[in-house]
Amino acid sequence: DTDDRTKARTSVLWRMLEWRWDRTRVAASGLPRILFALLVMLFLWGVSWPFVVRYYLLPEAGWSNPEIRLGFAFSAGVLVAIVLSRRGRYLPAAILGIALLFSGTFASLNLTLSGVMEPVFDSTDAGLLAYLVLPVVISAVLLPPALVVGALLCTLGAVLAVPWLYPQIPRSDITFGPLLYLSVVCGLLVLISALLGTQQRRSYMELQHREERYRSLFEQSADAVFLVASDGIVEAVNRAGLALFGYEAGEIEGRHILQIYATPDVRRSLLARFDSEGSLVDEPVRLRRKDGSVMDCTLTMSPRKDNYGRMIGYQSMVRDVTEQMRAHEDLALKGQLLDLANDAIILVDPGGEIVYSNEATATLLGYSIEELLAMNVRRLGTPEDAEQVASRIATLMDEGRLEFDAEMVARDGRRLTM
């Protein structure tokens with residue numbers, strides 16, 4: 001039971017945070033750039049501060065001044081936060097950076113009130129507490145609202161504890177100085193964070209709705225759809241794609257797209273054309289199924305871009321046209337055989353329009369093939385014969401076969417019985 005309650009609390013906390021700190025959404029929001037820039041500035045400040053203390057503020061104390069060691073320790077901690085940020089661990093990096101700011105400020109205050117920084121700073125000067133506004137503001141920008149409130153309460157509580165820890169500081173100096181200032185700032189930040197949080201949650205819900213609609217279209221598409229990264233790694237395949245290529249879910253994701261090409265060099269030429277033209281539409285390509293069989297397909301490629309307009313990959317739509325290609329080749333072959341036949345052969349549609357004529361027919365009647373394709377078969381017969389065309393076509397369609405004598409009229413007026 002205890003484990004279940006712990007898991008439930010953890011799940012609730014995660015649901016409170018995940019809308020803001022999902023890696024993909026955070027990466028698209030620009031927060032990583034802000035976080036990285038802030039951490040770099042803090043690192044530079046932490047590295048330079050010991051030298052300022054050593055050579056400018058308190059040169060006589062040498063390198064033994066605790067403030068110098070504090071500056072270097074602060075820099076080392078910020079460097080760890082930078083590494084976490086670069087590895088995509090944005091939330092731990094932000095929490096660590098803000099915690100270092102809080103602890104560094106209070107540690108520096110402790111050294112100041114202990115007289116380490118005299119005569120530069122007086123041992124009764126609690127003005128350093130004003131610097132707490134920096135981590136407070138950064139918390140409001142980078143942290144989820146649930147953690148922002150906790151950070152603000154910890155800040156105010158620590159400020160209230162200063163008069164008890166350092167009796168030489170009058171309570172009124174804290175109450176009407178840093179405490180009042182930070183209270184006003186914290187109140188405004190809580191209000192702003194709540195308003196922004198509401199707007200961001202609304203934006204997130206809209207984004208989630210659009211993602212669900214896109215996912216539904218992606219999965220329900222009758223065509224095979226591949227989402228491919230810029231380096232050629234397959235990120236996702238819809239159900240139609242899995243069925244077409246014979247893979248199970250999760251079996252092809254993470255592999256290189258070259259795996260489905262019958263000839264890998266073809267993809268390089270397609271990418272070269274894609275880079276120059278911006279997209280590809282119904283490009284013929286031969287692709288390979290999981291079982292090794294090759295199929296004729298058409299490929300349509302379009303770019304995938306992030307919120308900043310940078311290309312992050314490709315969306316490829318594949319259609320299997322193997323049967324159509326075979327039918328076309330078969331029809332072309334039959335057409336060649338008909339062209340070679342010595343008998344006059346014409347094909348007509350149900351309305352009597354001529355849709356095919358071989359060379360023997362054109363030679364016999366004295367018309368070109370182009371002229372015959374622009375005619376109705378009625379024009380080639382006598383008036384009496386033309387009247388029977390409709391009934392002959394109807395009988396042919398009902399019975400599937402029909403033999404009859406027809407009298408055709410050639411271009412020069414000759415009548416031919418066929």
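Reader: Which strand does E1 join, and how many bridges are there between them?

Author: In this predicted model, strand E1 (residues 224–229) is joined by three bridges to strand E2 (residues 234–237), and the two run antiparallel. Within that pairing, Phe226 has Val237 of E2 as its bridge partner.

Reader: What lies between the strands of that hairpin?

Author: Four residues lie between E1 and E2, and in this hairpin Gly232 takes a positive phi near 90°.

Reader: How many bridges join E1 to E5?

Author: Six bridges join E1 to strand E5 (residues 311–320), again in an antiparallel arrangement. Leu227 has Gln315 of E5 as its bridge partner.

Reader: And how many join E4 to E5?

Author: Strand E4 (residues 294–305) runs antiparallel to E5, with nine bridges between them. Lys305 stands opposite Met311 of E5.

Reader: Which residues lie nearest the centre of the largest cavity?

Author: Val228, Ile257, Tyr261, Leu299 and Ser316 lie nearest its centre, out of 14 lining residues. At least two lining residues come from each of E1, helix H10 (264–277), strand E3 (280–288), E4 and E5. The largest share, three residues, is supplied by E5.

Reader: How does the lining of the largest cavity divide into nonpolar, polar and charged?

Author: The lining of the largest cavity has 12 nonpolar residues, one polar and one charged.

Reader: Which residues line the second largest cavity?

Author: The lining consists of Leu35, Leu38, Leu39, Leu42, Ala94, Gly97, Ile98, Leu101, Ile138 and Leu142. Helix H3, helix H5 (90–113) and helix H6 (133–142) each give two or more of the residues lining the second largest cavity. Nine of the lining residues are nonpolar, one is polar and none is charged.

Reader: What about Ala37: where does it lie?

Author: Ala37 lies in helix H3 (residues 31–57). Ala37 is partly exposed, because its relative accessible area is 36%, which falls between the 20% limit for buried and the 50% limit for exposed. Ala37 and Ile82 are 45 residues apart in sequence, and their C-alpha atoms are 9.4 Å apart in space.

Reader: Is Ile82 of H4 buried or exposed?

Author: Ile82 is one of the buried residues of H4, which also include Glu67, Phe74, Val78 and Ser85.

Reader: What span does H4 reach?

Author: Helix H4 (residues 66–86) has 21 residues and reaches 31 Å from its first C-alpha to its last, close to the expected 30 Å.

Reader: Which residue caps the N-terminal end of H4, and what follows the helix?

Author: Asn65 is the cap at the N-terminal end, with a side-chain oxygen 2.8 Å from the backbone nitrogen of Glu67. After H4 comes Gly88, whose phi is positive, near 90°.

Reader: Now the pockets: how much space lies in the second largest pocket?

Author: The second largest pocket holds about 800 Å³ of space. Among its 24 lining residues, Ile346, Val348, Val377, Leu396 and Phe404 lie nearest the centre. Two or more lining residues come from each of strand E6 (346–348), helix H12 (359–365), helix H14 (383–386) and helix H15 (389–399).

Reader: Which element gives the largest share of that lining?

Author: H15 does, with five residues. The lining of the second largest pocket comprises 18 nonpolar, two polar and four charged residues.

Notes
Residues numbered from 1 in each chain as written. Predicted model: local features only at pLDDT ≥ 70, side-chain atom pairs only at ≥ 80, totals over all residues. Heavy atoms only, no water. 1 Å grid on protein atoms, 1.4 Å probe; cavity = no way out; pocket = protein on both sides within 12 Å on 5 of 7 lines; lining within 4 Å. Points joined across faces, edges and corners; volume = space filled by probe spheres on them. Nonpolar A, V, L, I, M, F, W, Y, C, P; charged D, E, K, R; others polar. Expected span 1.5 Å × (residues − 1). Buried < 20%, exposed > 50% of the residue type's maximum accessible area, 1.4 Å probe, protein only. Polar contact = N/O pair within 3.5 Å; in protein donor to acceptor, adjacent residues only side chain to side chain. Pairing = 2+ DSSP bridges.
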